[in-house]
Amino acid sequence: MKFGRLENDNLTIFRPPLIADGKHISTNDPVLLLSYGWKEVVYTTPEEREGFYPVQYWEESDTQIIETWSYEPMPDEPTS
């Protein structure tokens, strides 16, 4: 299980140790990490849609950051 934060719509993955109140804490306890603002990261797989390409973005709940996808039309192929 990975934990992270969204900063300016960019995902930052937690890398131990947790630094809290000037102390380095070696932990992977989800309750402790959540109490310091780190959330579980949930990765997903985009579905295939003919004529479209997936664009990744993140949605955030109280406890999770979820990888989500929107779909944009494929650009037209240039003709020679």
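I looked up Thr-27 and found this residue buried, with a relative accessible area of 16%; buried means under 20%, exposed over 50% and partly exposed in between, with a 1.4 Å probe and protein chains only. The model is predicted, so local features need pLDDT of at least 70 and side-chain atom pairs pLDDT 80 or more, while totals for chains, interfaces and linings use all residues. I number residues from 1 along each chain as its sequence is written, and side-chain values use heavy atoms, without hydrogens and water.

I placed Thr-27 in the loop between β4 (23-25) and α1 (30-35). Helices (H or I, at least four residues) and strands (E, at least two) are DSSP runs, numbered from the N terminus. Leaving out residues up to four places away in sequence, I found Thr-27 touching Phe-14, Leu-18, Leu-32 and Leu-33 (contact: heavy atoms within 4.5 Å). I also noted a polar atom of the Thr-27 side chain 2.9 Å from the backbone nitrogen of Asp-29.

Next I turned to the sheet. I read an open sheet of 5 strands with mixed pairing, in the order β2-β1-β5-β7-β6; two strands pair if DSSP finds at least two bridges between them. β2 (10-13) and β6 are the edge strands, each pairing on one side only.

I then checked two pairs. β6 (residues 52-60) and β7 (residues 64-73) run antiparallel, joined by 9 bridges, and a hairpin of 3 residues connects them. In this pair, Pro-54 stands opposite Tyr-71. β1 (residues 2-7) and β5 (residues 39-42) also run antiparallel, with 3 bridges, and Gly-4 faces Lys-39 there.

Technical notes: Polar contact = N/O pair within 3.5 Å; in protein donor to acceptor, adjacent residues only side chain to side chain.
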